[in-house]
Amino acid sequence: MEQVRRASHAGSWYTDNPKKLDEELDRWIKAAALPKCPDVRGVIAPHAGYSYSGRAAAYAFGNIDPTNISRIFLLGPSHHYYTPKCALSKATVYKTPIGDLPIDLEVIEELKATGKFELMDLRVDEAEHSMEMHLPYLAKVFEGHQVKVVPILVGALNADNEAMYGQLLAKYVDDPSNFFSVSSDFCHWGSRFNFMHYDKKYGAIHKSIEALDKMGMDVIETGDPDAFKQYLQEYDNTICGRHPISVFLHMLRNCSTKIKIKFLRYEQSSQCKTTRDSSVSYASAAAKVDA
């Protein structure tokens with residue numbers, strides 16, 4: 001039976017007008033002016049409302065060459081629902097205003113059979129925005145291509161579970177028809193986020209935030225999940241997709257294909273100058289086969 005996950009954030013987090021949405025995504029991808037590269041096997045991209053992070057996200061999705069890809073693993077953090085595990089969608093199709101993405105039920109069954117995943121009901125699925133904000137971009141880039149998605153909601157995993165899921169999913173990286181879309185915003189700064197790390201040596205607050213984020217991005221680029229864990233423990237940076245990123249790093253560590261992550265764009269929603277200000281950072285990266 002068909003189970004449809006509606007585009008529940010369309011009309012609020014991004015436009016629900018198909019023509020307008022298509023034009024917007026097109027404009028941002030063109031502005032990023034990146035060559036489509038068949039060696040790009042994954043991205044890390046933000047998931048805020050498109051008026052905030054849509055432009056930055058184009059620097060991730062604009063790299064994708066859809067020609068040989070038939071399956072997209074979508075890894076997003078859970079914002080409203082607590083689970084110490086990873087959860088699989090019960091939906092059979094994910095809707096977007098510019099085209100629907102069918103779920104790869106075969107791989108969902110395969111993952112279910114490991115006994116390591118829980119299932120999230122449709123209400124939880126539709127309340128979560130972290131994966132949905134990647135969908136219109138994916139629908140746009142893969143337009144005219146037969147592609148299925150494997151959505152994985154990544155819960156509040158401990159270090160052992162991050163490694164376990166990374167090992168379990170690593171084999172999928174070695175299949176070049178698989179692609180990985182990892183959802184994360186970076187530093188959430190300000191009193192409303194209970195995070196106000198400020199190192200005065202960088203000058204303005206927004207410069208300190210940028211230095212903190214760039215340090216994290218550099219660590220992610222090394223591909224070392226342990227170093228990333230250490231960075232998070234030391235600075236407690238409020239990177240909301242820390243668990244999906246960690247799982248992805250463990251996947252890359254455990255697969256046979258050598259893949260390197262490179263960040264291509266960094267933006268902030270606003271520039272914090274006083275402690276009354278707040279901002280969220282957005283970073284976009286491509287994970288590319290390293291010959």
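Author: Let us start with a term: contact means heavy atoms within 4.5 Å. I152, for example, touches F73, L74, L75, G76, C86, A87, L88, L111, F117, M131 and L169, leaving out residues up to four places away in sequence.

Reader: What should I know about the model before reading on?

Author: This is a predicted model, in which local features need pLDDT of at least 70 and side-chain atom pairs count only at pLDDT 80 or more, while totals for chains, interfaces and linings use all residues. Residues are numbered from 1 along each chain as its sequence is written, and side-chain values use heavy atoms, with hydrogens and water left out.

Reader: Which residues have the most contacts inside the largest nonpolar core?

Author: A nonpolar core is a set of buried Ala, Val, Leu, Ile, Met, Phe, Trp, Tyr and Cys residues joined through side-chain atoms within 4.5 Å. Buried means under 20% relative accessible area, exposed over 50%, and partly exposed in between (1.4 Å probe, protein chains only). Here the largest core has 93 residues, and I152 and I261 have the most contacts inside it.

Reader: How many aromatic pairs does a search of the whole structure find?

Author: A pair of aromatic rings is described by the distance of the centres and the angle of the planes. Rings of Phe, Tyr and Trp (its six-membered ring) pair if their centres lie within 6.5 Å; planes under 30 degrees apart are stacked, over 60 edge-to-face, and the rest tilted. The search finds twelve pairs. In one of them, F73 and Y172 are tilted, at 4.9 Å centre to centre with 45° between the planes. This pair links distant parts of the chain, since F73 is in strand β3 (residues 71–77) and Y172 in helix α6 (residues 159–173), 99 residues apart. Helices (H or I, at least four residues) and strands (E, at least two) are DSSP runs, numbered from the N terminus.

Reader: Are F73 and Y172 buried or exposed?

Author: F73 counts as buried because its relative accessibility is 1%, and Y172 counts as buried at 8%. Elsewhere, ring pairs link Y14, W28, Y50, F61 and Y137 into a cluster.

Reader: Where does H9 lie, and what does its side chain make a polar contact with?

Author: A polar contact is a pair of N or O atoms within 3.5 Å; within protein, one must be able to donate a hydrogen and the other to accept it, and residues adjacent in sequence count only if both atoms are side-chain atoms. H9 lies in the loop between β1 (4–5) and α1 (18–32). Its side chain makes such a contact with the side chain of E132, at 2.8 Å. H9 also counts as buried, at 8% relative accessibility. Beyond four places in sequence, H9 touches Y14, E126, A127, E128, H129 and E132.

Reader: Which backbone oxygen lies 2.6 Å from a polar atom of the S284 side chain?

Author: That oxygen belongs to A56. S284 is in strand β12 (residues 279–289) and is buried, with a relative accessible area of 0%.

Reader: What span does helix α9 reach?

Author: The expected span of a helix is 1.5 Å times one less than its number of residues. Helix α9 (residues 242–254) has 13 residues and reaches 18 Å from its first C-alpha to its last, close to the 18 Å expected. It is mostly covered, with ten of its 13 residues buried, including H243, P244 and I245.
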